[in-house]
Amino acid sequence: MHEIVLKLVGVCRTAKLLTQLHSLTIRTGLLYDTHLAAKLTELYVELLPVHNARKLFDEIPHPSIYTCNRILQRFCGNKRYEEVLSHFSSTFLFEKPDHFTLLFVLKACSALNALNFGKTIHGLGKKHGNIDSNMFLGSGLIDMYSKCGNMDDALRTFEEYSKPDIVLWTTLVTGYEKNFKPDEALAVFTGMVMTRGVIPDPINLVTVVSACTQLLNLKAGKNIHGFLIRKGYENPLPLFNALLNLYTKTGSIEYAGSLFRIIEEKDVISWSCMISCCAHNGATDRAISLFDEMIYKGVEPNSVCMISALQACEASCNIEKGRKIHELAFQKGLERDILVSTALIDMYMSCCAPNEAIMVFDRMLNKDAVSWFTLLCGCVQNGMANKSMQIFCDMMASDIQPDATMMVKILGSCSELGVLQLTCCLHGYVIRGGFISNLFIGASLIECYAKCGSLEEAIEVFERLTDKDVVIWSSMFAGYGIHGQARESIKLFHRMVTDSTVRPNKVTFLSILAACSHAGFVEEGIEFFNMMLNEYQLMPESKHYAIIVDLLGRTGELEKAMCIINQMQSQVGPHVWGALLSACKIHQNAEIGEVAARNLLRLDPDHAGYYILLSNVYAVDGKWDDAAELRSSIKEKELKKITGQSVVKL
């Protein structure tokens, strides 16, 4: 009977026959045969759920190490790591494990971050086995310590081996790289090659290139690329992809392109890296054409390359191509990926199609803080202040808590709406949320109160802030300027210079100059402009020059204003010429006005206000035909002058 059952076990290939054989062994008493029970257990491991095998295993009086390891292997394969440790603890209490046993348990310790259990296994390995000559066990120990974040013990374990092989070296280098210690990873690699003379293989080099990517060390990556070419490895695609990723992250689009061209069999990772490299380094059209080529060649896109292609569409404002990629994402089921949907929202918002972005957002099944933030920022960017406030309320109702960056955006929307009551409510939320010490939020609150007509509240926020940086001071200067209180703004500037260590920057002077301009303080404005140049040695930008031109224009010093414009080192923006043209209208100087107007119409040909300004200059100078011609141009081009409106809602 024993020989017959053993033969049947040898040819058993179905779960049904296995259970029948198991029943037969129980009825005949053969289950107590250790050899036969072990064979049945191995069949259980192969044909039935592992817990059934475990039950049978527990019935075996003296199971073999091989049978024990098979159970552990099956548990590991099913990622049931807690049961690996449990089975090991109950089975090997009085048994001597072999190195396979220890390897399975170390894998479970790595997955569970069970450092103390792993140290126990290390001790057992030293006690029961010749651990210092078993490279596989050494690699498992180093991997366990690395995944538990204990690189000191990983290094000590490595140093126990007098002649480590390439696997051991690679495991240590990988440990440092995965624990975000790229300098140490490169140092170990250098010691491996230069001191020990070990020749790296492609697997080892992938980790080293990843360390170079963390450091953005292009030079080291190029050296590895050169080594790869000299050794002539046979199409090591993972290494090529790692190098492409390095070139992408360092902005080396030429190196990436050269490498990409020589890769014979590109996978989706190769395409994704190259598309991302082009998308993020100014070659947006190339990125889009690469994406089209990838689809044409039948490579199945993943979410990463889809996102990179959408970012290229966003950067180039190519909404038509963006819509086609959206359609493809929908067909492939990638629109359900939260990152792809967020990229779609970003693309539509940047291409001034907020309604399409909102539709994408509404279809999302799962929304995280990033997707809410992207939608909210897009609405702010597209001037939809009311909608952004509604999104903020919906977000709060969905239990998504805004961070400091989001609060700055919300306060910016509120300042555009000019609703004082809403600002007060947001101020209360800022206090409750613990954001009040954030200087950027403080500056936004000051600006918000000032734009909503409550200078007193803006001053109160300013005075309550203990640590004021240059942004806070500049916001308060601007607040005084908005309310025409240039004297207070000037006083505050002198207080900042004398009572604090804050040094004014270009934004500070822009706020002060704007306050002087609003109040008509010509001499004070010019004095601050000279202070900016001479005392603080700050190079003015186009906006600073626009205010100075405006101030000089008010006093009729148009020739001096023209001289300053001619001496500008930066590009002269439309607002500079616009300030000069306005002054020419006031002082009836058609000659300089024509110069300003020509430059304005070259820079911004669709701005109706500039045509009207020049037309008025001509009319004052009696050039009625020229004035009429300009008015006709406005009608022909269907240009409309933007009407002024009040900011504050009463």
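The model is predicted, so local features need pLDDT of at least 70 and side-chain atom pairs count only at pLDDT 80 or more, while totals for chains, interfaces and linings use all residues. Residues are numbered from 1 along each chain as its sequence is written, and side-chain values use heavy atoms, with hydrogens and water left out.

View 1. In residues 165-200, the end C-alpha atoms lie 10 Å apart, and the span is 75% helix and 0% strand. For residues 267-301, the end C-alpha atoms lie 10 Å apart, with 71% helix and 0% strand. Helices (H or I, at least four residues) and strands (E, at least two) are DSSP runs, numbered from the N terminus.

**View 2. The largest nonpolar core.** A nonpolar core is a set of buried Ala, Val, Leu, Ile, Met, Phe, Trp, Tyr and Cys residues joined through side-chain atoms within 4.5 Å, where buried means under 20% relative accessible area, exposed over 50% and partly exposed in between (1.4 Å probe, protein chains only). The largest such core holds 184 residues, of which Phe291, Phe528 and Leu580 touch the most other members. Helix 15 (residues 237-249) gives the most to this core, contributing eight residues.

**View 3. Surroundings of Leu580.** When neighbours within four places in sequence are left aside, Leu580 is in contact (heavy atoms within 4.5 Å) with Val549, Leu558, Ala561, Met562, Ile565, Ile592 and Ala596.

**View 4. A salt bridge between Asp153 and Lys119.** A salt bridge is a side-chain nitrogen of Lys or Arg within 4 Å of a carboxyl oxygen of Asp or Glu, and the whole structure contains 18 of them. One joins the side chains of Asp153 and Lys119 at 3.7 Å, N to O. This pair links distant parts of the chain, 34 residues apart, with Asp153 in helix 10 (residues 151-159) and Lys119 in helix 8 (residues 115-128). Asp153 is buried at 13% relative accessibility, whereas Lys119 is partly exposed at 36%.

View 5. The side chains of Lys451 and Glu447 meet at 3.1 Å, N to O. Because these residues are four apart in helix 27 (residues 439-451), about one helical turn separates them.
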